[in-house]
Amino acid sequence: MLTNISRLLINVFSSFFVLTLFTFGLTHFFPDGSSFIYDPSLSTSLFPDVSLTMHQQELGLLEAYINYVTHILSGNFGFSSVRGTPIMDDFVIYFPATIELAAAALLIALVVGLPLGIYAAQHKDKWQDKLIMSGSLIGYSMPIFWWAMLLVLFFSIILGITPVASRIGFEFDIEPITGFMLLDTLLSEKHYALDAFKSALHHLILPAFVLGTVPLAVIARSTRSTMTDVLNADYIRSAKSRGISASKILWKYALRNASIPLLTAMGLQISILLTGSLITETIFSWPGIGKWLLEAVYRRDFAVIHGGILAIASFIIIIHLVLDIFRSFVDPKLRRKQ
Amino acid sequence: MNLLHIENLSIDLKTHSGPLSIIDRLSLRMSDNEILGIVGESGSGKSMLAMAIMGLLSSKMEMKADYFSLDGQDLMKMVPADRQAYISSKASIIFQDPKSSLNPCFTIATQLNETLSAHGLHARSARKQRSMELLDAVGINQTKKVLNLYPHQLSGGMNQRVAIAIALACKPRLLIADEPTTSLDVTIQAQILDLIVNLNKTENVGVVLITHDFALLSENTDKIGVFYSGHMMEHAATKNILTNPLHPYTRSLLNSVPQLGKRHTRGSRLFALKGQIPTIDKPPVGCRLGPRCPSAEKQCVKPPRLISIPNHGKVRCHFAKQENERKETESNVETRSTRKQTILGADS
């Protein structure tokens with residue numbers, strides 16, 4: 001197990017190495033505000049100037065790269081070339097909002113998609129299966145912005161159940177502690193903390209559902225296909241013939257086997273959720289990383305774009321590390337032989 | 001008493017254009033502790049019979065039978081839930097590919113325990129004790145070590161042994177082995193077969209051995225059933241089938257077994273029946289073998305019935321009686337002539 005984890009860690013470091021080479025290349029050969037992080041003594045100045053660019057080019061390539069990586073590892077992702085504030089400060093504010101949204105979306109996708117897929121697999125080729133599969137195909141091919149508009153029109157404007165935008169009602173003032181609104185409202189000592197929590201949850205539902213639609217469809221479809229394979233396998237048939245109860249076969253035997261390819265599919269979905277939340281965040285004016293990056297693009301704030309890309313990519317590498325470790329717990333074949 | 005007694009079992013595949021017959025009015029009797037071999041081409045319905053006995057047919061299949069008794073109880077009169085429980089207490093099945101018949105995600109111990117507790121053995125220590133006994137019974141030496149391994153850490157032969165151990169955990173009266181050795185090495189094949197035959201004696205289980213390898217059946221079985229296109233073509237004692245095959249299909253199967261040693265002549269070609277097994281949606285008119293049969297005649301357009309031949313068994317062929325008489329006179333002549341040659345006398 002330990003050798004296995006160390007093997008995964010080597011994987012992570014090599015992907016991180018390639019990632020930093022790429023981003024370093026971007027900043028080194030197309031210099032901008034993020035070049036501040038080359039030299040901390042210069043980082044007090046607000047805007048990059050010619051002399052700075054000259055200075056960093058005087059550094060050796062290797063030296064510059066090592067400098068760059070040490071700064072990143074110590075959490076210095078550079079400074080916004082428009083506002084001059086550290087990128088990390090922005091990131092700490094916006095990233096939890098995206099994670100909160102993505103986690104809620106993934107939760108909805110799993111809680112709805114997994115049982116739907118299993119149900120479809122159990123009723124393969126019957127009308128239930130066909131209904132679920134065509135429904136998920138529609139969900140999968142739905143343009144997100146249009147789908148979001150429809151939901152807003154129906155639930156917020158016609159029915160008036162859910163709010164249209166932002167993370168919490170304007171009447172609540174919540175101190176950011178963790179950056180996760182749901183947690184912060186619960187941790188808050190104000191008298192309206194519980195109402196604020198409800199409001200935050202209320203605000204979260206619609207965007208999370210919109211963002212979760214595509215992963216839901218993907219999870220339902222891949223659950224269905226892996227589950228039908230597994231349910232037809234000899235070991236399930238022989239378990240059935242040995243008198244093991246149907247529910248035990250489904251939830252213990254079959255789901256464990258089906259979850260191996262499902263975890264892989266989910267890993268991809270998580271990356272898509274984190275990076276692809278841009279449209280959803282813009283529509284619901286959700287102050288997350290996607291919206292932050294989009295605004296940086298409008299402002300031509302290259303330092304922010306660069307730092308954001310680096311931070312998101314690093315985060316995704318870490319998520320995949322966690323998933324890999326998790327997968328080796330589920331699939332004994334991935335564990336190293338003794 | 002009959003361990004297995006089937007009368008007129010039909011299995012149909014439900015399709016949009018109506019049911020297609022996979023097994024057509026099959027009758028079979030098998031006595032206690034018998035080893036019955038079932039042989040036939042792929043697609044002849046032999047595995048479907050195994051599935052039907054185990055109650056594992058998919059929902060697309062429809063099964064009908066006048067009488068279907070396993071160890072004295074008629075399965076057709078039971079409600080589905082009771083039937084499954086009853087079958088699992090009386091019969092077990094081993095599949096072709098041992099790698100896929102064991103769950104890759106659980107240790108051998110977990111899989112054995114699961115079955116043992118489904119059959120009323122709940123105490124931990126008792127289950128462990130019984131697991132070790134079972135693994136020991138199938139010839140596994142390091143039982144303690146093997147219990148904690150996963151299927152992918154064992155070889156194919158070992159996996160098949162484990163699968164047999166799990167099958168025995170239910171204390172079955174009937175063990176169905178659906179091509180148990182097809183995916184194994186030849187030397188391992190012999191070991192596994194020996195194991196199954198030995199279990200038949202020591203554990204007192206009846207065995208249905210399904211295969212398409214005639215050589216394998218000849219040494220181990222008491223009776224052989226020959227399947228073709230969902231019909232039982234010939235059902236007789238192994239000795240009779242080998243020495244006096246009455247159905248042309250049985251003969252052609254026997255002729256297509258490769259021979260080694262002195263019977264092999266260099267450059268000779270192996271006999272092969274022309275054509276292919278008919279698809280289930282287009283069965284031929286009359287005798288199912290008709291279009292491929294080397295000795296077919298006009299009357300073969302009428303479907304033959306399964307007729308009893310005295311001192312032999314049951315054969316589904318119009319010419320079975322004729323053939324039997326011809327063989328008898330032939331063998332009489334032969335024995336007379338071979339008596340003179342004392343060396344070959346033992347063979348006939």
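Modeller: Of the 338 residues in chain A, 50% are buried, where buried means under 20% relative accessible area, exposed over 50%, and partly exposed in between (1.4 Å probe, protein chains only). This is a predicted model, in which local features need pLDDT of at least 70 and side-chain atom pairs count only at pLDDT 80 or more, while totals for chains, interfaces and linings use all residues. Residues are numbered from 1 along each chain as its sequence is written, chains are lettered from A and ligands numbered from 1 in the order in which they are written, and side-chain values use heavy atoms, with hydrogens and water left out.

Biologist: How many helices and strands does chain A have?

Modeller: Helices (H or I, at least four residues) and strands (E, at least two) are DSSP runs, numbered from the N terminus. Chain A has 13 helices and zero strands.

Biologist: Is A:Thr280 buried or exposed, and which residues is A:Thr280 in contact with, leaving aside its neighbours within four places in sequence?

Modeller: A:Thr280 is found in helix α11 (residues 278-283) of chain A. A:Thr280 counts as buried because its relative accessible area is 2%. Contact means heavy atoms within 4.5 Å. Apart from neighbours within four places in sequence, A:Thr280 is in contact with A:Ile144, A:Pro207, A:Val210 and A:Leu211.

Biologist: What area do chain B and chain A bury between them?

Modeller: The size of an interface is often given as the accessible area lost when the parts come together. Buried area is that loss (1.4 Å probe) for two parts, summed over both. Chain B and chain A bury about 2300 Å² between them, with 59% of it on carbon and sulfur atoms. B:Cys105, B:Glu114 and B:His152 supply 25% of the area that chain B buries against chain A, more than any other three residues. The contact takes 28 residues from chain B and 23 residues from chain A.

Biologist: How many salt bridges are counted between chain B and chain A?

Modeller: A salt bridge is a side-chain nitrogen of Lys or Arg within 4 Å of a carboxyl oxygen of Asp or Glu. The count between chain B and chain A is three. In one salt bridge, the side chains of A:Lys248 and B:Glu114 meet at 2.7 Å, N to O.

Biologist: Which helix gives the most to the side of chain B that touches chain A?

Modeller: At least two residues of that side come from each of α1 (46-54), α2 (80-90), β7 (91-94), α3 (98-101) and α4 (108-118) of chain B. With five residues, α4(B) gives the most.
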